[in-house]
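Colleague: I have the coordinates open and would like to go through the model with you. Shall we begin with the loops and then turn to sheets, helices and symmetry?

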Number of protein chains: 4
Amino acid sequence: MIKIAIIGYGYWGPNLLRNFENSNFFEVRYVCDKNNDSLKKIRSSNKKIIKTNDIGKVLKDDTVDAIVISTPVNSHYKIAESALRAGKHIFVEKPLADSSAKCKKLIQLALKNSLIIFVDHTFLYTEAVCEIKKIVEKNEFGDLLYYDSTRINLGLIQNDVNVLWDLAVHDLAILNYISKLNPIEVSAVGHKHIKNKPETAAYLTIKYQNNFIAHINVNWLSPVKIRKTILGGSNKMIVYNDLEPSDKIIIYKKGINIVKKQNSSANLIKYRIGDTLIPSLKNKEALAEAVSEFYRSIKEKKFNSKSNGNDGLNVVNILEAADKSMAKNGKPMKVSK
Amino acid sequence: MIKIAIIGYGYWGPNLLRNFENSNFFEVRYVCDKNNDSLKKIRSSNKKIIKTNDIGKVLKDDTVDAIVISTPVNSHYKIAESALRAGKHIFVEKPLADSSAKCKKLIQLALKNSLIIFVDHTFLYTEAVCEIKKIVEKNEFGDLLYYDSTRINLGLIQNDVNVLWDLAVHDLAILNYISKLNPIEVSAVGHKHIKNKPETAAYLTIKYQNNFIAHINVNWLSPVKIRKTILGGSNKMIVYNDLEPSDKIIIYKKGINIVKKQNSSANLIKYRIGDTLIPSLKNKEALAEAVSEFYRSIKEKKFNSKSNGNDGLNVVNILEAADKSMAKNGKPMKVSK
Amino acid sequence: MIKIAIIGYGYWGPNLLRNFENSNFFEVRYVCDKNNDSLKKIRSSNKKIIKTNDIGKVLKDDTVDAIVISTPVNSHYKIAESALRAGKHIFVEKPLADSSAKCKKLIQLALKNSLIIFVDHTFLYTEAVCEIKKIVEKNEFGDLLYYDSTRINLGLIQNDVNVLWDLAVHDLAILNYISKLNPIEVSAVGHKHIKNKPETAAYLTIKYQNNFIAHINVNWLSPVKIRKTILGGSNKMIVYNDLEPSDKIIIYKKGINIVKKQNSSANLIKYRIGDTLIPSLKNKEALAEAVSEFYRSIKEKKFNSKSNGNDGLNVVNILEAADKSMAKNGKPMKVSK
Amino acid sequence: MIKIAIIGYGYWGPNLLRNFENSNFFEVRYVCDKNNDSLKKIRSSNKKIIKTNDIGKVLKDDTVDAIVISTPVNSHYKIAESALRAGKHIFVEKPLADSSAKCKKLIQLALKNSLIIFVDHTFLYTEAVCEIKKIVEKNEFGDLLYYDSTRINLGLIQNDVNVLWDLAVHDLAILNYISKLNPIEVSAVGHKHIKNKPETAAYLTIKYQNNFIAHINVNWLSPVKIRKTILGGSNKMIVYNDLEPSDKIIIYKKGINIVKKQNSSANLIKYRIGDTLIPSLKNKEALAEAVSEFYRSIKEKKFNSKSNGNDGLNVVNILEAADKSMAKNGKPMKVSK
């Protein structure tokens, strides 16, 4: 059994605790939070769990193998770094850190100490996203043309990060997972509806190699909740609606064919419309899958898990470029590698 | 009775013919098209209508009071200019012309000759958009925060104009109508899915005075048809779904209140959720309303109709800036006045 | 060219006229209506069509080969009988007549004179219903278990027929077409929301041979329009939503398997959930298909078309039994053969 | 604190345990189930709860004030009777018992001993149903015309009760709550898709005094889940969709007006279409509200709670009549009082 400590028991804490407790591979030794009220909300019947405010005590405990970090984003780096220095694997909520420089330092530190960095890009562990990856990788999907995502709702307005770091991060993790293409350049325009707060709405466009484009619309001030992504391919297209209870993915055989006209330099465009398929998806909890993947990474010393440190860095690289572009009202910015 | 000639009898032609014929104020004298096959499709039982390929003949006929132009965009200017020079009012399909310079020339020419320019910004004549304007103008709506529109489908891919000039033009006409705020700057990113064709997808963001922002997502290669616009206000928000047969507009009393915390510099955010209202809309044909407005403009020498030449220019100003930004991958561009 | 006369130019008249005019096989000679205002609404540019109030004149004209009857239900029989006696084929709006006895007389008369009776069970000529029939006839659909249809809206309340004869008639025509099973017995409960008017809502259940059951819910006083039919099979199930613009049919591979438990008299029930398919449907106008089928019936002396006199009788047999049951608040009534 | 014992810890058990534990008014002393595996699933951190198979022991414990019964329907009566004889209040899952005779005995016994019978008609404690009752009771709703409910899904097929006793019971409880009208007569047709099992689909129609009618469609073999109820009034209509996450109720100002024609015996029908309202509903857990109401009933010796023994009887009276009608394929059956 791998012994873990959970640092930060806020909104997501109960889900982490439940899933690590339900796993056969982990034993939760500590839940640590600065706030005693948060600790009081722990409902586990496990008497061995130690509730504490003292993160130092946790890191010093040599029986602890891994640290689960679900604190505010701006504290990720400091805790992650201390944990890696203390020789512990880390499971970090998204995004990995609040700058690419910090991500790189964590990656180097982990590499040096042969430790696992696992970023909780939760969506990669849903059946829906796994299915999308399978479909896209088949030849019959054709070339990736575009990814267009709307992720809006009347959301919790955050103080420390803007809406891109809170919501677009999910799309960036999915894009990084399903496409192996490199992002080249971003353009982002944001909007602050409330004075002295981070951007509450943002529109981000990313140009990739091979003429693939991604567009992400995120908003904390929408009267309706939408989680809808269209993935256009040259032969098939997918509409992914994460709010559907079961039929989350619809695969369309729709598109256009470009036919060379005889005796003419012009092209003829023909529309294709075929049957539509809704694949049956298993109803697994994504976080349980993530916990299992974290276990396998540790056990098999697998540094290239689905959402490792480099994946975390890739996502933060785009967020950083987006912030720069947003500060200049859409001016295109290169994405670092 | 005002005597008119329709120039261009393509996709939209039958709708124009039917609505001008059904009006009590107009008499259709000519339908003119280069293509005889198009003319053959005319099903009117009116024997007085002259079908012709000869636009010159039509413009020379002094009994013709007004010209209805529904030809490809790049021919609008030439026909409109000739018609104005021949002393005829014009009713032009959107957009008014393919450049702001041409729009300005037409406006000056019309002014000089006391003639009406009417641009067929059809959506302004729908009950839905009229209702939205009414709601937005009430104090209880609060400040305009954002306009976010998705207008995508597997559409007719055009050769002469890109997807912004075909689809976003509707949103720009609506924005110009419902808000009196000035657009400052745009950022647009486009995508050519097909070589040697105009952009098939584009993402346009417009910053207005008073911290109002508009975002428009248009795409000719979507597997699903969406016509959905969210209009966020500080007190209320509207979702406008043009594909709904009757309940096109939903008004949400949702949003956030920012409350000053006592003894603290921080603000407290409170969510407001109230009842939702779906106003009953009459089911009038927009084009019939446009035809009536054109009549009133001519009759009352009203140069400031809902969609006059200046409105046409305002829309083209933004399209021009968007094209420039799109050519530079999102670089912000000022909107001319 | 088969020469026809249309008797009754009300709500459905323009659709009939347009489709018979568009057909290459028919020539419309007369449109006959008692009401001159109705005749004035004819917009055809065909100068040969004679508009008349005099049905006698039409029937006497020997150049007329066939009569299209779209008058109120209670006048169908008289006109149809006169037409058949005058040696003309008939195309009758649904239902064929207002009693099974009258249907039988018409069938005998047509048989004696070798004339075609075509009942306009329009839905049978939609792509959706044709596709459903194909799916159901494949072995992989399994046994037909149930048909459950909701057909409600805020409808035109009729004076001469109740809601079953107006709306349920569509379901009965579809049932008669897609299943070759015999209806045994019906139970119907109706409701008169308005005094001195026919039933405005009715709930009809039909038991067929082989344990197949159909349930039909029709209502003229619903605030929402619903046209939804579920067809349950032992292996697959279909949901048919006629209001969807294109994805009208969804095929589910869902159901239960009953497994014999070993060493036990009890059965184990296992749920099956597979992929879902939305077949691509062509967008043909049903009435145009009906007109073609009517032509083929006449040309090929085909007395067993998709919606011949016997089909019209089968539907009226159930409506008659339903009326009897409804008069006794649901008492089961046998269906005549 | 009122001390309770929960008898039966199956599907619904964890919800009952959690809500009684979360209440400030109750203390859970026992959870009793025949099946030790069920008892093992208890996750409470409360060490005082005694887990047992011995219901006799529980009933003999004088410190226990009330018994919560969530066992299979056919065992309700025996446990309820023993509990009442032992001087304990009872909270019984729906339906109260499997016959009206048994319900009556329980009611008499409770009355004699001044004990509370609370039936867990859960839906009555949802915000949606409470709101519907409020709307219906206002004059502006007009007369109740009809209630039409579809409650279908691919459901757990039960062995001891048919689909009416499992699903229609919810509608009957809602009907009994929102309307004070008396049911007169029912007609029900059922269908057994699986041999030797109870009915898996049933169509039930109930005639009430004052020309009010209810229709309930329940099915365990539907490929799609639907929970949709239309409540028609003479001035307004409600559509209640329980699967909507928040906008569960839509209130339509739609209907018809019957206008006396001058100088004529005929009536003119006019359609009314007004604005549509979606009331904002609080998101309370229904079972928590039920637990509070049970507490108030005990504390205030309130025998006429929202879902008391008589309400349980009213529901079972209709189910009994429906079973009789179903056995005769829809023959109308009077409802006992």
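Modeller: C:Pro95 is located in the loop between β5 (89-93) and α5 (100-112) of chain C. Helices (H or I, at least four residues) and strands (E, at least two) are DSSP runs, numbered from the N terminus. The peptide bond that leads from C:Lys94 to C:Pro95 is cis, with omega near -10°.

Colleague: Before we continue, which conventions apply to the model?

Modeller: This is a predicted model, in which local features need pLDDT of at least 70 and side-chain atom pairs count only at pLDDT 80 or more, while totals for chains, interfaces and linings use all residues. Residues are numbered from 1 along each chain as its sequence is written, chains are lettered from A and ligands numbered from 1 in the order in which they are written, and side-chain values use heavy atoms, with hydrogens and water left out.

Colleague: Where is A:Pro95, and is the peptide bond from A:Lys94 to A:Pro95 cis or trans?

Modeller: A:Pro95 sits in the loop between β5 (89-93) and α5 (100-112) of chain A. The bond from A:Lys94 to A:Pro95 is cis, with omega near -10°.

Colleague: What is the phi of B:Asn196?

Modeller: Phi of B:Asn196 is near 65°, which is a positive value in a residue other than glycine. B:Asn196 belongs to the loop between β8 (183-191) and β9 (201-208) of chain B.

Colleague: On to sheets. What is the strand order of the open sheet in chain B?

Modeller: The open sheet of six strands in chain B has the order β3-β2-β1-β4-β5-β6, with parallel pairing. Two strands pair if DSSP finds at least two bridges between them. Because β3 (50-52) and β6 (117-120) of chain B stand at the edges with a single partner strand each, one side of each is left without a neighbour in the sheet. On average, neighbouring strands of this sheet are turned by 20° against each other, direction ignored. Axes here are lines fitted to C-alpha atoms, for helices over the stretch in contact, and angles run from 0 to 180 degrees between N-to-C directions.

Colleague: How many bridges join β1 to β2 in chain B?

Modeller: Strand β1 (residues 2-7) of chain B is joined to strand β2 (residues 26-32) of chain B by six bridges, and the two run parallel. Within β2(B), B:Val31 is the bridge partner of B:Ile6.

Colleague: And which strands are at the edges in chain D?

Modeller: Chain D has an open sheet of six strands in the order β3-β2-β1-β4-β5-β6, with parallel pairing. Its edge strands are β3 (50-52) and β6 (117-120) of chain D, each of which pairs on one side only. Three bridges join strand β2 (residues 26-32) of chain D to β3(D), and these strands run parallel. D:Cys32 stands opposite D:Thr52 in β3(D). Helix α4 (residues 73-85) of chain D packs on the sheet and touches β1 (2-7), β4 (66-69), β5 (89-93) and β6 of chain D. The direction of α4 makes about 165° with that of β5(D). Contact means heavy atoms within 4.5 Å.

Colleague: Now helices. At what angle do α7 and α9 of chain A pack?

Modeller: Helix α7 (residues 163-178) of chain A and helix α9 (residues 309-327) of chain A pack at an angle of about 130°, with their axes 9 Å apart. That makes α7(A) oblique to α9(A); angles under 35 degrees count as roughly parallel, over 145 as roughly antiparallel, 65 to 115 as roughly perpendicular and the rest as oblique.

Colleague: Which residues make the contact?

Modeller: On α7(A) they include A:Leu164, A:Trp165 and A:Val169, and on α9(A) they include A:Asp311, A:Asn314 and A:Met326.

Colleague: Finally, symmetry. What superposes chain C on chain A?

Modeller: A rotation of 180° with 0.0 Å of shift along its axis superposes chain C on chain A, with RMSD 0.1 Å. The two copies are thus related as by a two-fold rotation axis. Copies are superposed by least squares on the C-alpha atoms of residues with pLDDT of at least 70 in both. Of the residues of chain C, C:Leu277 comes closest to the rotation axis, at 2.3 Å (C-alpha).

Colleague: And chain A on chain B?

Modeller: Chain A is superposed on chain B by a rotation of 180° with 0.0 Å of shift along its axis (RMSD 0.1 Å). In chain A, the C-alpha nearest that axis belongs to A:Lys331, 2.1 Å from it.
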